[in-house]
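Hi,

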Amino acid sequence: MRLPVSRAVEVCPVEVAVSVLGGAWKLTLVKHLLGGVKRFNELGRLVPLANRKTMTRQLRELEEDGIIGRTVYPEVPPRVEYALTELGFSLAPIVSMMDSWGAEYQHRAQARRSPITSD
């Protein structure tokens with residue numbers, strides 16, 4: 001267990017969730033992995049704003065926390081695939097709710113920015 005997670009265990013369950021899932025791209029990566037196994041470059045295309053270093057670090061943390069599994073195939077060049085674990089798939093309802101909430105927020109934010117027209 002990563003140190004931030006073990007410290008969060010002493011605080012409360014919300015802190016544990018934030019410690020495991022907090023990160024610029026972790027939930028976005030989980031969302032894309034809900035659709036099935038992905039290779040690193042495929043995830044990179046799905047999350048184009050994430051730089052490689054950050055994405056690599058966050059994938060490693062998700063792996064260490066048991067959310068994803070990483071399979072390295074003994075090929076040249078090596079092929080690496082990422083997939084959600086059973087624990088990772090248990091995040092599906094949370095990710096779905098966050099996706100819905102985000103879409104609603106996005107809609108409202110756009111409505112607030114729209115210029116008011118008067119005739």
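What you have is a predicted model, where local features need pLDDT of at least 70, side-chain atom pairs count only at pLDDT 80 or more, and totals for chains, interfaces and linings use all residues. Residues are numbered from 1 along each chain as its sequence is written, and side-chain values use heavy atoms, with hydrogens and water left out.

**The whole chain**

The chain has seven helices and three strands. Going along the sequence, the pattern reads α-α-α-β-α-α-β-β-α-α. The radius of gyration (taken over C-alpha atoms) comes to 18 Å, well over the 14 Å that the globule rule gives for 119 residues, so the chain is more spread out than a compact globule. That rule is 2.2 Å times the number of residues to the power 0.38. Along its principal axes, the C-alpha trace spans about 70 × 40 × 25 Å.

Of the 119 residues in the chain, 28% are buried. "Contact" means heavy atoms within 4.5 Å. Among contacts with a separation of 6 or more, 46% are between residues 24 or more positions apart.

**Helix H5**

Now find H5, residues 52–64. This helix has 13 residues and reaches 18 Å from its first C-alpha to its last, close to the 18 Å expected at 1.5 Å a residue. (The expected span is 1.5 Å times one less than the number of residues.)

Which residues of H5 are buried? They are Thr-54, Met-55, Gln-58, Leu-59, Glu-61 and Leu-62. Looking down the axis of H5, these buried residues fall within an arc of 160 degrees, so they line one face of the helix. The arc is that of the directions from the helix axis to the C-beta atoms. On the face turned away from the buried side sit the exposed residues Arg-52, Lys-53, Arg-60 and Glu-64.

What do the buried residues of H5 pack against? Their partners are helices H2 (13–21), H3 (26–33) and H4 (40–46), plus strands S2 (68–73) and S3 (79–84). At 1% relative accessibility, Leu-59 counts as buried. Neighbours within four places in sequence aside, Leu-59 is in contact with Leu-29, Phe-40, Leu-43, Ile-68 and Tyr-82. Leu-59 and Trp-25 are 34 residues apart along the chain, yet their C-alpha atoms are separated by 9.1 Å.

Asn-51 caps the N-terminal end, with a side-chain oxygen 3.1 Å from the backbone nitrogen of Lys-53. After H5 comes Gly-66, whose phi is positive, near 85 degrees.

**Helices H2 and H3**

In H2, the buried residues are Ser-19, Val-20 and Leu-21, and they pack against helix H1 (3–9), H3 and H5. H2 is followed by Gly-23, which has a positive phi, near 160 degrees.

In H3, the buried residues are Lys-26, Leu-29, Val-30, His-32 and Leu-33. Seen down the axis of H3, they fall within an arc of 165 degrees, so they too line one face of their helix.

Is Lys-26 buried or exposed? This H3 residue is buried, with a relative accessible area of 1%. Leaving out neighbours within four places in sequence, Lys-26 is in contact with Arg-2, with Ser-19, Val-20 and Leu-21, and with Gln-58, Glu-61 and Leu-62.

**Two more stops**

Pro-77 is in the loop between S2 and S3. The peptide bond from Val-76 to Pro-77 is cis, with omega near -5 degrees.

Finally, find Phe-89 in helix H6 (residues 86–89). Phe-89 is partly exposed, at 42% relative accessible area. Apart from neighbours within four places in sequence, Phe-89 is in contact with Leu-34 and Leu-84. Phe-89 and Ile-68 are 21 residues apart in sequence and 9.0 Å apart in space, C-alpha to C-alpha.

Cheers!

Terms used:
Helices (H or I, at least four residues) and strands (E, at least two) are DSSP runs, numbered from the N terminus. Buried means under 20% relative accessible area, exposed over 50%, partly exposed in between (1.4 Å probe, protein chains only). A polar contact is a pair of N or O atoms within 3.5 Å; within protein, one must be able to donate a hydrogen and the other to accept it, and residues adjacent in sequence count only if both atoms are side-chain atoms.
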